[in-house]
Amino acid sequence: MGKRDNRVAYMNPIAMARWRGPTQSAGPTIQDYLNRPRPTWEEVKKQLENKKKGSKALAEFEEKMNENWKKELEESREKLLSGNESSSKKRERKKKKKKKSSRSSSSSSSSSDSSSSSSDSEDEEKKQGKKRKKKKNRSHKSSQSSTYESESESKEYVKKKKKSQDETEKEKDVRSLSKKRKKTYPEDKPLSSESSSESDYKEEVQAKKKRRCEEQEKAMEKAKKKKKKQHKKHSKKKKKKSGSSHKSE
């Protein structure tokens with residue numbers, strides 16, 4: 001079985017365009033735009049003069065609008081002036097009425113002031129008595145709260161002192177014990193606490209090294225597995241290609 005011929009002939013696009021000839025454009029060309037009809041210099045001057053003069057109809061319309069606007073302004077001014085005058089008259093009337101009412105009330109209030117002054121003095125005395133009682137109660141409460149706070153602060157201070165004394169005594173006992181041990185065993189190794197701390201540190205270092213080694217081994221195993229899979233895939237592709245080539249022959 002031979003291979004099928006899938007080749008296609010190459011066509012030069014420039015040669016094909018020349019063979020087809022000029023394209024038919026739908027719109028106007030550049031030459032049509034350049035050859036368009038244009039006005040002469042005299043016609044342009046006339047158009048500019050007409051623009052400067054303006055139209056007579058527009059000028060007449062503007063004059064009418066100005067006249068109407070002036071009339072409206074005069075009417076609104078008259079209305080405002082008449083309204084201000086009426087409001088000023090109303091205010092004057094109200095002031096006069098107030099003055100009359102105040103005069104009549106002053107005569108009646110003079111008789112009632114004597115009776116109300118006695119009642120007012122009694123009310124003021126009662127209010128002052130209530131205020132004094134409230135002040136006494138407040139001062140008593142504030143003194144009680146201050147004494148309670150001072151007692152609580154003194155108790156806390158005593159507790160802190162006791163704690164500090166206990167801590168200092170414990171430190172002294174520990175130091176005395178360490179001195180006695182050094183005197184009795186001068187040539188021996190350091191205390192058990194120091195040795196235990198060193199042994200713990202060594203154990204931690206060893207555990208970290210073991211973890212790192214295990215992680216590296218896991219990473220190596222994963223990389224080997226990936227390589228094996230890739231190798232298998234590659235071998236399968238090769239077998240398929242070789243089988244297809246034998247069939248074509």
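View 1. Of the chain's 249 residues, 0% count as buried (under 20% relative accessible area with a 1.4 Å probe, protein chains only; exposed is over 50%, and partly exposed falls in between). This is a predicted model, where local features need pLDDT of at least 70 and side-chain atom pairs count only at pLDDT 80 or more, while totals for chains, interfaces and linings use all residues. Residues are numbered from 1 along each chain as its sequence is written, and side-chain values use heavy atoms, with hydrogens and water left out. The chain exposes about 26800 Å², an area from the Shrake-Rupley method with a 1.4 Å probe, where for residues only the protein chains shown count as cover. Carbon and sulfur atoms supply 53% of that surface.

View 2. The chain has five helices and zero strands, so its elements run α-α-α-α-α from the N terminus (DSSP runs numbered from the N terminus: helices are H or I with at least four residues, strands E with at least two). Just after α1 comes glycine 21, with a positive phi of about 95 degrees.

View 3. Ile30, Tyr33 and Leu34 make up a nonpolar surface patch, with about 370 Å² of accessible area together. Patch members have over 30% relative accessible area and no salt bridge; nonpolar side chains (Val, Leu, Ile, Met, Phe, Trp, Tyr) are joined within 5 Å, like charges within 9 Å. Isoleucine 30 sits in helix α2, residues 30-34, and counts as exposed at 66% relative accessibility.

**View 4. Helix α3, end to end.** The end C-alpha atoms of α3 (residues 41-53) are 19 Å apart, which agrees with the 18 Å that its 13 residues should span at 1.5 Å a residue. That expected span is 1.5 Å times one less than the number of residues. Zero of the 13 residues of α3 are buried, so the helix lies largely in the open.

View 5. Lys89, Lys90, Arg91, Arg93, Lys94, Lys95, Lys96, Lys97, Lys98, Lys99, Lys100 and Arg103 form a positive surface patch. Lysine 95 belongs to helix α4 and is exposed, at 57% relative accessibility. A negative patch is made by Asp120, Glu122, Asp123, Glu124 and Glu125. Aspartate 120 is in helix α4 too, residues 56-184, and is partly exposed at 41%. Lys and Arg count as positive, Asp and Glu as negative, with His and the chain ends not counted; each charge is placed at NZ of Lys, CZ of Arg, CG of Asp or CD of Glu.

**View 6. The salt bridge.** The count comes to one salt bridge (a side-chain nitrogen of Lys or Arg within 4 Å of a carboxyl oxygen of Asp or Glu). Arginine 7 and aspartate 5 are the partners, 2.9 Å from N to O. Arginine 7 counts as exposed at 72% relative accessibility, and aspartate 5 does at 53%.
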